[in-house]
Amino acid sequence: MQSSIILSRVPFRLPLGGGSTDMPSYYKKYGGFIFTAAINMYMDVLIKATRSDDLIHVHYKSFEAVPSVGEIRHELAREALKMTGHEKGIAISFKADTPAGTGLGSSGACSVALLKGLSAYNGNEMPSEEAAEKSFEITQSLGLHDGKQDPYACALGGFSVLDIDTDGKVNVTKPVFAKETVDKFLNNTLLFYTGVSRESDPILAAQDKEKVLELKHKTKAIGLEVYKAFQNGDLDRFGSLMDEHWRVKKSMSSQMANRRFDEIYEAAKNAGALGGKILGAGGGGYFLFYCPSQKSKESVRAALSGYGLREMDFSIDYKGARVRRVNF
């Protein structure tokens, strides 16, 4: 008997501008704007048929083997299986390059990988934009305070601009920047893992309140300026805008940072970084810093060496979500 597996790989993403304007509480009133990039860190999902039983197996940091979809504790797996019509005899395993709750869009990457993989398991190909929108439907059905950015950025790969209408329609632009601009971005940027994962939903829930709407207007305006800076090849401007964005972002929630993270940020600025931010909802995860030169980059690296951070090399992933069937 031939045994085949489905391998589904989806990149994580770096938010570059407009973050949090992709949430329904904002875009339904004002429209959203997101500038983002997918990177070569991945959510991998393996799917195959079970052989020894007809249960549903889900293997992540826990292992589940249950007789029905409704009994699955892994929420994204449960809802993706419901959406794609699988009821028994299937095994799903997850392996990610970063823990959940670290600001790289893990829930979006996970649900897109599931939907694309389960569709391929059925013998179909789900278009990436459809997978992104269905992924958003899943997180909304679960009551998560997620936006449109994560599934779209992860599904589409490369750089993406998302203009979100008040009715939720996402208008996608795939910008092409000069090679020199992309190279400078990659060469002058530092990405550090803080070692702290967190539940993003309480932080994002706090951002849903009316009191932060004016701050989100500022976030959108800064995001548009960041995009313009990339178009003009003016990445020093991007670095300065990140600093401005970080100060706005911190005002949205007291959970965004803490004394240690503030100290790390100021150390990086004093060593020569033009700006930076904690990615995603904040409270942990990854710090991104932009430096105007290699000399300042080395100075920042040295200044942060005593904080127990893990530097992460990265590049842009232009492929986006992809699926492969492997026969043995």
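What follows is a working chat about a predicted model.

Colleague: What are the ground rules for the numbers?
Modeller: The model is predicted, so local features need pLDDT of at least 70 and side-chain atom pairs count only at pLDDT 80 or more, while totals for chains, interfaces and linings use all residues. Residues are numbered from 1 along each chain as its sequence is written, and side-chain values use heavy atoms, with hydrogens and water left out.

Colleague: Start with T189. Buried or exposed?
Modeller: T189 is buried, at a relative accessible area of 4%. Buried means under 20%, exposed over 50% and partly exposed in between, with a 1.4 Å probe and protein chains only.

Colleague: Which strand is T189 in?
Modeller: T189 is in β8, residues 189-193. Strands are DSSP runs of E, at least two residues, and helices are runs of H or I, at least four, numbered from the N terminus.

Colleague: What does T189 touch?
Modeller: Leaving out residues up to four places away in sequence, T189 touches L288, F289, Y290, K297 and F314. Contact means heavy atoms within 4.5 Å. Also, a polar atom of the T189 side chain lies 2.5 Å from the backbone oxygen of F185.

Colleague: Changing topic, which residues touch the most other members of the largest nonpolar core?
Modeller: F35, F230 and F238, out of 77 residues. Strand β2, residues 32-49, gives the most to this core, with 9 residues. A nonpolar core is a set of buried Ala, Val, Leu, Ile, Met, Phe, Trp, Tyr and Cys residues joined through side-chain atoms within 4.5 Å.

Colleague: And what is F230 in contact with?
Modeller: Apart from neighbours within four places in sequence, L16, F35, F159, F177, T181, F185, L235 and F238. There is also a second, separate core of 17 residues, which includes L190, F192, W246 and C291.

Colleague: Now helices. At what angle do α4 and α5 pack?
Modeller: About 155°, with the axes of α4 (residues 128-141) and α5 (residues 149-156) 8 Å apart. Axes are lines fitted to C-alpha atoms, for helices over the stretch in contact, and angles run from 0 to 180 degrees between N-to-C directions. The two helices are therefore roughly antiparallel. Angles under 35 degrees count as roughly parallel, over 145 as roughly antiparallel, 65 to 115 as roughly perpendicular and the rest as oblique.

Colleague: Which residues make that contact?
Modeller: S128, E129, A132, E133, S135 and F136 of α4, and P151, Y152, A155 and L156 of α5.

Colleague: How about α3 and α5, what angle there?
Modeller: Helix α3, residues 106-121, packs against α5 at about 55°, with axes 8 Å apart. That makes α3 oblique to α5.

Notes. A polar contact is a pair of N or O atoms within 3.5 Å; within protein, one must be able to donate a hydrogen and the other to accept it, and residues adjacent in sequence count only if both atoms are side-chain atoms.
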